[in-house]
Amino acid sequence: MISKLSLLTNKYVRGDYAQQFKQSLLEVLAMLACATILIVLVGIFAFIGVQGGRYFMPMSAYQITTVHTLSHAQDVQGKGTSVPDRSVQKEQIQYTLSHLSAAELASSLQQKLLIQYIAQTQEMPKITVSAADSLYQINTTSGQTLVGKFVSLQEGSKVSQSLANLVVLQSEVARLQQNLSDIQIQRLQSLHRAISELDNKQVARDTPLYQTTLAEFMLWQAHANNIIEQIGSYKINIRLDSGELLSLAINKVQDIYQPNQLSSWQSIGYILNKIVVFISDSPKQASTSGGVFPAIFGTLLMVIIMAIIVTPFGAIAAIYLHEYAPDNRLTTTIRICVSNMAAVPSVVYGVFGLGFFVYVLGGSIDSLLYSDKLPSPTFGAPGLLWASLTMGILTLPVVIVATQEGLSRVPSNLRSGAIALGATKYETIVKVVLPMASPGILTGVILAIARAAGEVAPLILVGAVKFAPTLPIDGEFPFVHLERQFMHLGVFIYDGAFHNQTESQVSSLMFASCMLLLLVVLLLNLSAILLRNKLRNKYERL
């Protein structure tokens, strides 16, 4: 009897240890999986952050000297043969800006030359890279970056060899530009409007009123042209690496400095200024410099419009499927179809939006309301409204499923209690169920926002472009132009990465844009999460 009890006890202990071992192994595997995911996420963020951060860091100025050894052949008189003449060395100088050190830049250039001359028998050129402290970097208002040696400042016929006078000239140019702006806004615009009104009223041009107004307009126009000439006479002269003397108007200079002479505080100021320009400026030089403000604005506006469209429709559909629809095969089929819609490739939604929203719906609106502008389309072309509707359909299954999950978490006794107190089913859903399910609805909206902000393929088809000349919102009536095309951060990154794969500065800009897109999605999600938690805490205490 004792031996049987001992055998059973040992068997139980062995089984208990085996169970504990399995549980411990599962915990270790779960921890390893979580650690792996965390390491991957941190690595992605760190890589994108480091690569994108290089875009804001000041670069160093270098002079690259390339020496080519050329060998000439000369015919020997009377023998029809040739003998090599003495070698001639040809020197080529180039100025450049780089985040690399002189040794790294020289090694990179040597590797490129090695690949270039690998199949040739001629001697490979010799490259010397040296830091050039006397070089200046000029960033123009058009986004162009120039590198060269400062020569002089020019004020009309006066020439100054001191760059310290640049601040004085810039203040004078700013004063002239302000005068020009005042004349254009306060004088020329009103006079141009008055002339247009006279033309609309068919007033003859030889009447005194018309001639007086026209003469005043021409007088102020001549004054404005004179100021423009004065502004153009203020120039800065730079000697480029080709030896060419470049005269650049001072009003076209955004900033100028010596990259290799920046102090720590000047470097910090440069970084902060570059970040401000990146966030607030428009893309320049074929999206290779400048900022991404239109893309930020377009992304946020599209996401907001999409959320306004998809949230009520998704919530209503989920309420019907969960609260009103009978539990039969048709309802089950609808639920399966809704769930499967989330797995449809996004480009399919883009093709649908282009075919239905743009061509069918937009074309119908143009024929009914904008027939006078045809064949030029108004709503019958890709635009912000159609992009928002397309993304709304794409994210609708996510909102429906998340809302259904939120509705299923509402305890049934709350419904029964509300009905027992005399509330109708409608009142129960609106005043009891929906407030309790609001965190689940917001969860669906969060997922929808995250997906819409990162999509590219459907947006290219229904409204997002590489560069939009105007914003969808401006001071022109009706102020919000839903028919306009817009810029989107995802499309901006895709286009820049696809067309500029070799330029290090452009690749840094794309990485910086990626980091900004992650931050935008993170801030949008964080705002929705905070609101969801606030609602959850509010209704859990009731």
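Helix 3 (residues 166–200) and helix 4 (residues 208–232) pack with their axes 9 Å apart and at an angle of about 160 degrees. Helices are DSSP runs (H or I, at least four residues), numbered from the N terminus, and axes are lines fitted to C-alpha atoms over the stretch in contact, with angles from 0 to 180 degrees between N-to-C directions. The model is predicted: local features need pLDDT of at least 70 and side-chain atom pairs count only at pLDDT 80 or more, whereas totals for chains, interfaces and linings use all residues. Residues are numbered from 1 along each chain as its sequence is written, and side-chain values use heavy atoms, with hydrogens and water left out.

Helix 3 and helix 4 are therefore roughly antiparallel (an angle over 145 degrees). Their crossing is left-handed, a term for a near helix turned anticlockwise from the far one by less than a right angle, with clockwise giving right-handed. The contact of helix 3 with helix 4 comprises 18 nonpolar, seven polar and three charged residues. Here Ala, Val, Leu, Ile, Met, Phe, Trp, Tyr, Cys and Pro count as nonpolar, Asp, Glu, Lys and Arg as charged, and the others, Gly among them, as polar.

| Pair | Angle | Axis distance |
|---|---|---|
| Helix 7 (residues 329–341) and helix 9 (residues 384–408) | about 125 degrees | 8 Å apart |
| Helix 6 and helix 9 | roughly 40 degrees | within 6 Å |

The angle makes helix 6 oblique to helix 9; oblique covers what is left after under 35 degrees (roughly parallel), over 145 (roughly antiparallel) and 65 to 115 (roughly perpendicular). Helix 6 passes helix 9 in a right-handed crossing, and their contact has 19 nonpolar, eight polar and one charged residues. Helix 7 and helix 9 are likewise oblique to each other, but helix 7 passes helix 9 in a left-handed crossing.

Salt bridges (a side-chain nitrogen of Lys or Arg within 4 Å of a carboxyl oxygen of Asp or Glu) number four. One of them joins the side chains of Arg415 and Glu323 at 2.8 Å, N to O. Arg415 lies in helix 10 (residues 412–420) and Glu323 in helix 6 (residues 293–324), so the pair ties together parts 92 residues apart in sequence.

Methods. Helices (H or I, at least four residues) and strands (E, at least two) are DSSP runs, numbered from the N terminus.
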